Each structure stands twice: as structure tokens, then as C-alpha cells.
Amino acid sequence: MSNPSQNDLSTIDVVLHEDRKFPPPEGLIATANMRDPNIYDRANADVVGFWESAASRLNWYRHWDTALDWDPVGVHARWFVGGTLNASYNCVDRHMNTWRQNKAAIIWEGEPGEVRTLTYRDLYREVNRTAAMLRRIGVNKGDRVAIYMPMVPELAIALLACARIGAPHTVIFAGFSAESLRDRILDSQSSVLLTADGGWRAGKIIDLKGIANDAVAQCPAIKKVVTYQRLGSAVHHVQMEAGRDIWWDEALDQTKETYIEPEQVDSEHPLFILYTSGTTGKPKGQMHTTGGYLTDVALTSSWIFDIKDSDVYWCTADIGWVTGHSYIVYGPMANGATCVMYEGGPGFPDKDRYWSIIEKHGVSILYTAPTSIRTFMRWGEEYPNKHDMSSLRILGTVGEPINPEAWMWYNRVIGKENCPIVDTWWQTETGGIMITPLPALVATKPGSATRPFPGIVADVVDRAGNSVPNNTGGYLVIKHPWPGMSRTIWGDHERYIKTYWEQFPGIYLTGDGARRDDDGYFWLLGRIDDVVNISGHRIGTMEVESALVSDPSVAEAAVIGVPHEIKGQGIVAFVTLKSGNTPSEEKAQELREHVAKVIGALARPEKIYFTAELPKTRSAKIMRRLLRDIAEGRVLGDTTTLADPNILAEIKQLYEDEQ
Ligand code: ATP
Ligand code: MG
């Protein structure tokens, strides 16, 4: 018998079925920013023309000559060729000539509870001052600026200030270690670092400056470090190096200019470099450019979240991830939205922090992650139920497949069955949302990201690149370039081609598995690398995990394949129970049977391990590859993106004890 993990079966079996369906609310059908049901057909008929009309939402200094120039062999996409614009102008300046200058751009809440509100005029002033300061310390167009900051308004300001002077930023999430920060600074060849004396997280101070100093000690190209005082006297000692280090406020005070003319950059000028989460391996520095990216995120923000001037929009992601770049800063601000920004953890001072923020600021659109929703489920309904959240009208999720059970909870407990849920599938590479409901046009189904956004040509194919029939899983691919796509992996175009464009020439390989149902809805099945092969049946991790999570005692589950003498591979599940449930042999047996009942005996786990937590990336995605390494007794792969290495050590111990 051949080794099933290496055999050539190219599709993925579908084992989980979900028939519930939720139509768009009547009110939205009449008022939504996008409510024309023909939009999908129109966009498909002329993909490039569709995106061209989207680009005219922006202010351009010079109109483009050619909408798309695509070289599928060298893999070079150029959008709106010949056009010039500035992202900071489009997110800030253009609101100055309207009533929006006095509208809240950012409502910020620090973890200890302080609130700062910045109008668009405030933002305009601060972005200009910060841009002037960057210029003064020697940042020129094209220079990379590394940013390692907590979630404070100055972080958003820093991005826009870099964009203003045409200096690509590279934001490194403030939870990363000195090594990870160093690697990203070196890889992006940044010459300036913007950081802070610290930040608050779960009631504790994170010593960002100490970490930054350790990192910069190994980055000779860094000429200046600007440190924002977030903590001030709350932090005891901050080591500043003469000549290199400056305090943010002093640097601003020493800057005379109050206005910096926005750089008129080429549409393809790099706007930022951002590293992927590293769920599957070494992070890749995705390079995004200006015109196409901004077009993409401006349009998707408006249509998917239906952001209106009356809305208070809150995306709970950190700006350190692509979600924060696209859907806190560039997309919403290009639309003149009011954005809530929160610094800290969801459980501080108590487990109702998010719900209290929604009540206090009247949040109407909430965009968060399935992993957070599963945590809230585990904590219990009493926390959201303490608050009046009737301001909410649209809910979104991103980051991982959302299990139908978590979707239903989100819908019932948070949305009060009154708010459409937009489950948005996309990646750091894609820049903007790719598969999602449009809330007034697409009925939702729990667990499905539904349809490709207009102008996005997605398909599910087998190993040979042929479209698979409905209800068969395969590789999720994108068949036409789109404006938000990353143009290269910074410094490694070879790897970019190899990772995404080699398997199916001219077609973008996402790395995720998916199926399409008879309504043309897409269901994400998990990563292709994680697919489990049982007796020749290839099963996506998502479906087995969802079956486990549908048991009322289960909070979270991660499923992997391990070698099995007869079946080739068998399923091993790592399960976190909700509070009030105790791990036991009986419980494990019960869950194995539950899976067999929900999706068939084929998927019955060989073994269930109960763990207090699952190993996750710093963006809170489950890292199955490390669980596989443990299960197969291998040396652990790249663990630098792991949020908490102790969890992994505990699981390893647990696993070894049972062998
Ligand atoms: P790396 O590429 O370095 O392994 P990563 O893929 O975790 O890291 P991101 O770009 O942050 O880095 O994550 C994108 C991935 O997240 C997608 O490819 C997909 O696996 C998952 N994902 C995001 N949103 C959804 C969603 N709505 N449904 C299902 N999966 C999602
Ligand atoms: Mg990825």
C-alpha cells in the first residue's frame, strides 16, 4: 500500500452538513451601501472595469493610463498604471473640505479606562506633524519605517504619516519578542523604528522599549528610534541611547512644520510590508502597493460592513495584523468612518470589557475573530447580557473558519438575531476581503463565508487545476488578479512565485481548502497542509473541529492526522472543555461517539487529549503543525510566532506521558 499522505487524491471529502439559512434583514435591503443584486454579474462580466469604477472613489493626482498590466509568467501585477495618489490624503485630507472634519475619526479607549477622541481635523493635524517629524529625522520617500507600538492613536497616525511621505511602513505586532522584531527589521531593511515605553495588556505592562532595545542592538541599519510615552511615570526606567533615541513628544515639539505636502506617489509605490502570522511556517513579508490596495479596502469596507456616517465601527484586531491595516486604518478612514480603537485585553478588568465598550460608545458594527467568540462562549452569556448592545446592526468575523456553533452563538447572544454576520475570508496576501456575504444581498449560512466579493474570481480545483463539482472539497484559488493582492514577498520574488503561483500558472493558490455548495456558497475547510487522510478519505480539519465544538461541553478543538497502521492516518483531537466540565476517559469516549454521530464513523478520533489551552499564533490562530510535530515525535518547527510556548510544553508532556 502506498503511503496515503503522499498519494495523489486531489479533492477533499465533505463530511459536515449545515442547512440553516438566514436572509438579510428587510431594512437593510432598502438602505445598504450595496443593494443591487446584479452587481455580481456586472462585476464578472468586466472584472477590470469593475475595479476601475471602484478606483474612482479615491482622489488621484493623475488618472491612470492602464487599469491592469498583468504578467502571469514573471508574476507582476500593476494596477492603475500611471496614476498617482497619496493614501494619507485619501484617508485624512479629503475629509477636511467636508463636515467630516469635525467628525470623530478615532474613539480610543486605553485598557486602564481613559478615552481619547480624535476628530478628522485632529487626525489631520497629528498626521502632518508626525510626517514632518519623520522627514526631519531623515526619513525619505521609499525608506522603510518599522513600527512596534501598542494600540494607541499614535499607531494609526504613524501609518498615515509614513504614507504621507511615501515611506513604506512595516508594523510588527507589539506581542512579538525581540528576536521576531529584529528579524522583521532586518528583513525589511528599516532605518527608523517607532516604538513606545510600553503598553497595557491584561492589567500588565509590556516593556516594549526594553524589547525594542534588545532588537535594535542587532540592527545596525537603524539610525533613529522614536519612543512614544504611553506609560510615562507608570514605567520605572527607560533606557535611551544618546544620538539614536528621541522621545516622540520632544521630536514633535522640535518640528516646526505643521503641514507636509502629501507625496504624489505612483499607484504601484509600496505602501507597506507586512509579515504573515506564521501559522504554516516562516513569516513572509507581503508587499502591498498604494492605488490598488486602497481601492480594494475602501470599496470592501463600504459594501461589506455597510459603514455609514452615523455608524460607530469597531474592529477588535490589532493594527499589527493585516486586519488592522485594512479595516481599522485604510479602509474605514478612506470612507470617513468613526472607528473605535481599544488598547487592551478582552478580560480586563472583567470578562465583559468588549460589551461595555459597545454600550459606552454605541458601537453599531463589530468585527472580531472566531477565536475570541469561542472564548466568550466559554466565559458565558451572563457577560454580554449585562449590557445594552442594541446599537449593534452588523457583525463580522475573520481569521479562521467560524464553527457553526460559534456562529449561532454570535448571532443569538451578541446580535440578538437581528444583525447579519459577515464571515470574511481573506489573507495578509490578499490585502482585502475576498469571500464574504454582502449583508443586504446574501443570505448567510452558519460556517460559510458565502460568495466571492464582486470582482473576485474564486474557484475550487483539484490537483490538476480542474474545477471540482459542487460539494467536493479542493484547493481554493483565485483566477484573476485583484487590486489588493500583494505584489511580492519582500526581497524574495522567487519564494512569492513558488508559494502562490507555481502549482497553477497564472492562478493564485491560497493554501486553504474549500468546497462550494449547490447555492455557490464557499465553505472553508482549513489549510491544505492540515488535511487528514483516513483510508483514502481526505478530510479538512475544520469539519471535525466543528463537530467537536458542537458538543455543549467543548470550547475549542484542534484536529490533526497521525500515522495509523491500517487507515494510513487517524485523527487525534486536542480539546479544551468549557468551565464546569472535567476531563475524563468517559468524556473522551463520549466526544469520540459524538463526532461519529455528527459526521460519521470515519472521522471518529482515535484519541482525545484534554488541554487547558491550544497552541496558537500571536494572532490567535491554532497551530496544528506544532501539534503534528509533537504527535510524530519530531523536533518542533518554527515556534517564534507562538503566543505562549508553555502551552506547547504542557501538551508535549501530556502526549509523552501517554505513549
Ligand atoms: P502564514 O501564511 O505565515 O502561515 P497565516 O496564514 O496564519 O500565516 P494570515 O494571513 O494572518 O496568516 O491568515 C490568513 C489565513 O487565515 C487564511 O489563509 C485562512 O487559513 C485563515 N482565515 C482567515 N479568515 C478566514 C475565514 N473567514 N474563514 C476561514 N479561514 C480564514
Ligand atoms: Mg497564510
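First, the conventions. This is a predicted model, in which local features need pLDDT of at least 70 and side-chain atom pairs count only at pLDDT 80 or more, while totals for chains, interfaces and linings use all residues. Residues are numbered from 1 along each chain as its sequence is written, chains are lettered from A and ligands numbered from 1 in the order in which they are written, and side-chain values use heavy atoms, leaving out hydrogens and water.

Let me begin with the helix pairs. Two packed helices are described by the angle between their axes and the distance between the axes. Axes are lines fitted to C-alpha atoms, for helices over the stretch in contact, and angles run from 0 to 180 degrees between N-to-C directions. Helices (H or I, at least four residues) and strands (E, at least two) are DSSP runs, numbered from the N terminus.

Helix α4, residues 87-96, packs against helix α5, residues 120-136, at an angle of about 125°, with the axes 9 Å apart. The two are therefore oblique to each other; angles under 35 degrees count as roughly parallel, over 145 as roughly antiparallel, 65 to 115 as roughly perpendicular and the rest as oblique. α4 passes α5 in a left-handed crossing, meaning that the near helix is turned anticlockwise from the far one by less than a right angle, whereas clockwise is right-handed. On the α4 side, the contact (heavy atoms within 4.5 Å) includes Cys91, Val92 and His95, and on the α5 side it includes Tyr120, Leu123 and Val127. By class, the contact of α4 with α5 has seven nonpolar, two polar and two charged residues. Here Ala, Val, Leu, Ile, Met, Phe, Trp, Tyr, Cys and Pro count as nonpolar, Asp, Glu, Lys and Arg as charged, and the others, Gly among them, as polar.

Helix α19 (624-631) and helix α20 (645-658) pack at about 35°, with axes 10 Å apart. Their crossing is right-handed. Leu626, Leu627, Ile630 and Ala631 of α19 meet Leu648, Ile651, Lys652 and Tyr655 of α20. This contact has seven nonpolar, no polar and one charged residues.

Next, the glycine. Gly362 is in the loop between α12 (353-361) and β18 (365-368). Just after α12, Gly362 takes a positive phi of about 65°. Beyond neighbours within four places in sequence, Gly362 contacts Val312, Ile357 and Ser391. Ile357 is one of the buried residues of α12.

Finally, the salt bridges. The structure holds 46 of them, each a side-chain nitrogen of Lys or Arg within 4 Å of a carboxyl oxygen of Asp or Glu. Asp519 and Lys21 meet in one, at 3.2 Å from N to O. Asp519 lies between β24 (508-516) and β25 (522-527) and Lys21 before α1 (26-31), so the pair ties together parts 498 residues apart in sequence. Arg393 and Asp306 form another, at 3.1 Å. This pair links loops, with the two residues 87 apart. Arg393 is partly exposed at 23%, whereas Asp306 is buried at 0%. Asp122, Arg125, Glu126, Arg129 and Asp253 are linked in a network of salt bridges.

Methods. Buried means under 20% relative accessible area, exposed over 50%, partly exposed in between (1.4 Å probe, protein chains only).
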